[in-house]
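Open the model in your viewer and keep the selection panel at hand. This tour moves from rings to charges to confidence.

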Amino acid sequence: MRNAPTILHLDMDAFFAQAEQASKPSLRGKAVVVGGLGPRGVVATASYEARVFGVHSAMPMAQARRRAPNAAYLVPRFAFYRSISEQVMGLLRALSPLVEPLSLDEAFVDLDAGGAAWDSESARLAGIRLRADIQAVTGLTGSVGLASCKMLAKIASEQAKPDGLVLIAPGTERALLGPLPVRTLPGVGPATGDHLRRAGILTIDEIAEAGEDELVRLLGKAHGHALYAMALARDDRPVVAEREAKSVSVEDTYDVDIHDRIRVELEVQRLADRCVRRLREAGLSGRTIVLKVRRYDFSTLTRSETLRGPTDDPAVVREAAARLLESVDTTGGVRLLGVGVSGLADFTQEDLFAQAAEERVVGPEEEVAAEPVGEVPVPVERQWRPGHDVRHAELGHGWVQGSGLGRVTVRFETPESEPGRVRTFRTDDPALEPADPLPLVRRRPDDDGGAAAGAPHPEVKSSERQPSEVQPSEEAQPSEAESGNSA
């Protein structure tokens, strides 16, 4: 534990939903839900306006629609969110060489390592500057927690939500933690929380009072020791600049259970190719191929196979996934499939190509289909996904509000415009085409990319919410954290 609150935790506020509101003027101040829109989709992020109706991350989308039927429901734009995340992470790395990203919208920063802070006042000022810089560069808000350890900094940022800063002063940690519910502590999920509740332990103070031996008896040695240390505000974990990815995986949930075994096999091959593309984009390879199958009754099976060495060959991954599928009974239907690669490395072993069968099935990326003789190809209807960007030859930039029955509805507006007008077109209208997202903050010709983190800010605007130092007498429940990838 440090004697100064120089560990900073940043959590962007309802990140995906806030980014959508910022890019679409007609949605500002309104309920927005981002996630999978199919019958089995789940909520990735809900704006604070949607949370008023009880919508939250990881909730089934069908339930969210019942609770907030008038909200805007949008498909995620991950490339857009990633571009904003890179801007934010750049500002964090300007503060310190020790930045530990947890997801696109969340990270720890060791301010002391970069000389950005050394005591409570310098840490508070660094947090104020960071929030101002993030808003200047991205147009979005984030909440900041400052404390002497990672656990407390994360708790502080949750208490600061939305759009605030909370500093936990040294010496007040135990008094702050005491009245909070046990679920506040990292690693205490629903199952552990219920186990502690049945033992009469509801608050963090009661965890400390129960004693280490009792917690070990209830939860086991490792979990019991760790939980007791956290209840006493002990957390010596360092901020780690590079968090190595342990695996790369992709998965799809299907709106209707797949019963056809051939279709299941084709889906596994497609997922294997997508997984390899992600591996290559990250410059990685892996030794262990993992198949995940969730069946019609929600039972989930995983199978894995470890190769002689790391590979990023799509044929090798496809064939390993196919072998793993042979051992899985898909009778009754499949609702989810996933393919992953673990045991990652940044090199490949050339002789792994020999693992592919000499007469292997040609994959989707290699197959050249012959033109059917005498048949006219049927044109595929273009897909317009709610929330995604489009451009019309005459009307300019807009975004898809919805589509169906051969029609697509578009609202024409930009991040800097007033709420725009709505028009409906045929889905095959040649004047309408997909477009890239527009930046949320326009760069001026003389702009060097935005405010520089650590640059002097002589004053804080009077409209800015002032940070607070949490005192022992204050009770502040942490707000719901964004799920991961989060939001």
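**Aromatic pairs**

Seven aromatic pairs occur in the structure (rings of Phe, Tyr and Trp, the last by its six-membered ring, pair if their centres lie within 6.5 Å; planes under 30 degrees apart count as stacked, over 60 as edge-to-face, the rest as tilted). Select Phe78 and Tyr81: this aromatic pair is edge-to-face, 6.1 Å centre to centre, with 90° between the planes. This is a predicted model, where local features need pLDDT of at least 70, side-chain atom pairs count only at pLDDT 80 or more, and totals for chains, interfaces and linings use all residues. Residues are numbered from 1 along each chain as its sequence is written, and side-chain values use heavy atoms, without hydrogens and water.

Now show helix H4, residues 78-95 (helices are DSSP runs of H or I, at least four residues, numbered from the N terminus). Phe78 and Tyr81 both lie in it, three residues apart, about one turn of the helix. Phe78 is partly exposed, at 40% relative accessible area, whereas Tyr81 is buried, at 0% (buried is under 20%, exposed over 50%, partly exposed in between; 1.4 Å probe, protein chains only).

**Charges over rings**

Go to Arg51, which lies over the face of Tyr48, 4.4 Å from the ring centre (NZ of Lys or CZ of Arg within 6 Å of the ring centre and within 35 degrees of the ring normal). Next, pick Arg65: its charged end sits over the ring of Tyr73, 4.4 Å from the centre.

**Confidence**

Colour by pLDDT, the predictor's confidence in each residue, from 0 to 100. The chain's mean is 84, and 83% of its residues reach 70 or more. Over residues 350-376 the pLDDT is below 50. Where pLDDT is low, the predicted coordinates should not be read in detail.

Terms used
Contact means heavy atoms within 4.5 Å. Helices (H or I, at least four residues) and strands (E, at least two) are DSSP runs, numbered from the N terminus.
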